[in-house]
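Morning, everyone. Today I want to talk about charged side chains and where they pair up. Let me put the structure on the screen.

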Amino acid sequence: MSFVNSFRAMLGWDVRLQIRYGFYAVYAILTVGFILGLRVLGPGLRTDAAVLLIVTDPTVLGFYFIASLVLFEKGEGVLDALVVSPLGVRGYLASKVLSLALLATTSGTLAAVLGHGAVSNLPVLVVGILLSAALFVLIGFVAVARFDSINAYFISAAGWGTVLFLPLFEYVGFVETPLFYLLPAKPAIVLVHAGFSPIAAWELAYALGYLLLGNVVAYVWASRAFRRHIVSGGDPGAQLGHHRQTNQPRGAVSAARLPVVALIRTDVRNWLRDPMLAFVAVAPLLLSSIIRVGMPTVTQMAAPAVALEPYYPVIAGTMAVFGPAIYGFVAGMFVLEDREQGVLAAYRTSPLSARGYLLYRAGTAYALSLGATLPALVVVGLVPAPPLVVLGVAAVAALGGPVLAFTFGSLASNTIEGIAISKLLNPVLLGPALIIALVPEPLQLLAGVSPTYWPVKAYVAGVSDDPLWVGYVLVGIVVHLLFLLVFARLFQNRTE
């Protein structure tokens, strides 16, 4: 088979794989959300919001999705076959870059055209998103090539993201330095912004030149990473942590002897040795501290456009759902990994049973979420919050941990689909808070179909001396338990 035919087949395989694992469905939902979100903003904020949105989400989707695709194909042995096929490294990388960059460009362009509504230079915008997305796919490949698991990759991704996106601080006015012109996010911001407003010729030349040259350099870098970490990396299965000495799934022997103890030991070992999980453990408290320290500065900078002080209760209340979202995501990934590795099947036939497994995962997700939410609500400190309000809000918000864990376990077949679904976390987390802030009652109560609405609503009422906060907590408990029952039942049916 010629290279062209092999490349065409690989591109079709990539698109089908991305459709099967929900990438297109997730970004169809997100794109509609982007459009609606931009349209409700005032004209004074719409351009800056569109630039930040396009650069930080659709443009970089490939940076995260390439990790799940590469790790999946390592496990399936696909990459071994590619080495000896006419496609080779060149065709493999080109197919990944093209398929993911087209998805990013479609989402970003639709958000700009239908959400912003005043795109003055569409060709520059499209080229800017396409070149930037391609560059971030290649950088993402370099970042994931040497890793053994998706968890290990994500802690590295956090470091990469922190450095690559520093120019965003300049765009929002925090800090300005010529050094930002060296980072890939800078030309992406310049070209996306040029889609809405004219820029100087030298800026256009800089951004186009940077991205064209950057893609060439990143391609060479990715090709070397492929040969070094994948072709010469030995057992591809080991890259996913499937390095077992026997054919039995990890934990199966222990599960047969003392299943609850085996589960606890495995989870504790994962938390202690996985750098991502160590970071996750402190993330809610870290974010609360950043909001407490940084919000006065943000408020001062935003003052000419909008007064943020009236929104402090909503901003602080959002911390009630952040911790459960993180711990729910981690617990959901544990569930999916247990299913993929056959551990769940072993527990199902052990004295622990499927019901005991569900209770264990729900209990630990709730306890960890509660332990993360209480200090986060105390530390954020934007408004005085009575201790009873903090305790009640944290108690109901923590139910979101097991709800989210079983949502992943019910809706996703594997960790790839889990990562795709996780892209919907931000609207689930921030959507109800935005509705509370922007939509008057009683219309905003429609958002109560989402469990995350009630903890934030209870917090806002509690810090405003509204006695209804107790009622919001009770309703929130009922809504969370209903979701928990539904998704636990779906999860149990899926594992049988």
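Predicted model: local features only at pLDDT ≥ 70, side-chain atom pairs only at ≥ 80, totals over all residues.

Start with D14 and K96. They form a salt bridge, and their closest N and O atoms are 2.6 Å apart. D14 sits in helix α1, residues 3-20, and K96 sits in helix α6, residues 88-116, so this pair ties together parts that are 82 residues apart in sequence. Buried or exposed? Both D14 and K96 are buried.

Next, E170 and K186. Their side chains meet in a salt bridge, at 2.6 Å from N to O. Where are they? E170 is in helix α9, residues 167-171, and K186 is in helix α10, residues 185-194, so the pair ties together parts 16 residues apart in sequence. Again, check burial. E170 is buried, and so is K186.

Now E441 and K457. This is a salt bridge too, with the closest N and O atoms 2.3 Å apart. One partner is in a loop here. E441 lies in the loop between α23 (425-438) and α24 (453-463), while K457 lies in helix α24, so the pair ties together parts that are 16 residues apart in sequence.

What about burial in this pair? E441 is partly exposed, with a relative accessible area of 46%. K457 is buried, with a relative accessible area of 8%. The cut-off for buried is under 20%, so K457 at 8% falls within it.

That is my tour. Questions, please.

Notes
Residues numbered from 1 in each chain as written. Heavy atoms only, no water. Salt bridge = Lys/Arg side-chain N within 4 Å of Asp/Glu carboxyl O. Helix = DSSP H or I, 4+ residues; strand = E, 2+ residues; numbered from the N terminus. Buried < 20%, exposed > 50% of the residue type's maximum accessible area, 1.4 Å probe, protein only.
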